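Have a look at the sequence and the fold below. Then let's walk through what there is to see.

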Amino acid sequence: MADRFADLMPGLSSPPTAIVSITPDDDNDLAQATRALNVSAPGNIRVTMLEGQIETIFVGAGIAFPLRAVRVWATGTDAGGIKGLY
């Protein structure tokens, strides 16, 4: 498949190139930090950020919420259909 942007260096303002389903987990980090999160059912998501802060945020359904998360916690998360955008 042709990609006219293949020679350009991707940045955080570039569109994501991969989407991965995320199962919240209190014990394990994600394979890599996200660029954004998306949910199909709105609610709270408890995350550990790239710099180590642990916070709970509300995410609305259907939006790409820009967030550099390294863990999505099961405890404190009630949003559904969580996807990580990379």
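Accessible areas here come from the Shrake-Rupley method with a 1.4 Å probe, and for residues only the protein chains shown count as cover. On that basis the protein chain has an accessible surface of about 5600 Å², and carbon and sulfur atoms hold 56% of it. This is a predicted model, so to speak of local features takes a pLDDT of at least 70 and side-chain atom pairs count only at pLDDT 80 or more, while totals for chains, interfaces and linings use all residues. Residues are numbered from 1 along each chain as its sequence is written, and side-chain values use heavy atoms, with hydrogens and water left out.

What is the chain built from? It has 0 helices and 7 strands, where helices (H or I, at least four residues) and strands (E, at least two) are DSSP runs numbered from the N terminus. Read from the N terminus, the elements go β-β-β-β-β-β-β. Along the principal axes, the C-alpha atoms fill a box of roughly 40 × 25 × 20 Å.

Of the 86 residues, 29% count as buried; buried means under 20% relative accessible area, exposed over 50%, and partly exposed in between (1.4 Å probe, protein chains only).

Now for the inside. A nonpolar core is a set of buried Ala, Val, Leu, Ile, Met, Phe, Trp, Tyr and Cys residues joined through side-chain atoms within 4.5 Å. The largest one here has 13 residues, and Ile22, Leu37, Val39, Ile45, Val47, Val72 and Ile82 touch the most other members. Strands β3 (43-49), β4 (54-59) and β6 (69-73) each give two or more residues to this core. In soluble globular proteins, nonpolar side chains tend to be buried together. Take Ile45: beyond its neighbours within four places in sequence, its contacts include Leu37, Val39, Ile57, Val59, Val72 and Ile82.

Next, the charges. Counting Lys and Arg as positive and Asp and Glu as negative, with His and the chain ends not counted, the chain has 6 positive and 9 negative side chains, and the centres of the two sets lie 6 Å apart. Each charge is placed at NZ of Lys, CZ of Arg, CG of Asp or CD of Glu.

How many salt bridges does the structure hold? There is 1, a salt bridge being a side-chain nitrogen of Lys or Arg within 4 Å of a carboxyl oxygen of Asp or Glu. Arg71 and Asp29 form it, at 2.9 Å from N to O. Because Arg71 sits in strand β6 and Asp29 in the loop between β1 (19-21) and β2 (36-38), the pair ties together parts 42 residues apart in sequence. Outside four places in sequence, Arg71 also touches other residues, among them Asp25, Asp26, Asp27 and Arg46.

| Residue | Relative accessibility | Class |
|---|---|---|
| Arg71 | 13% | buried |
| Arg35 | 17% | buried |
| Gln53 | 40% | partly exposed |
| Asp29 | 47% | partly exposed |

Arg35 is in the loop between β1 and β2, and its contacts beyond four places in sequence include Gly11, Pro15, Pro66, Leu85 and Tyr86.

Notes: Contact = heavy atoms within 4.5 Å.
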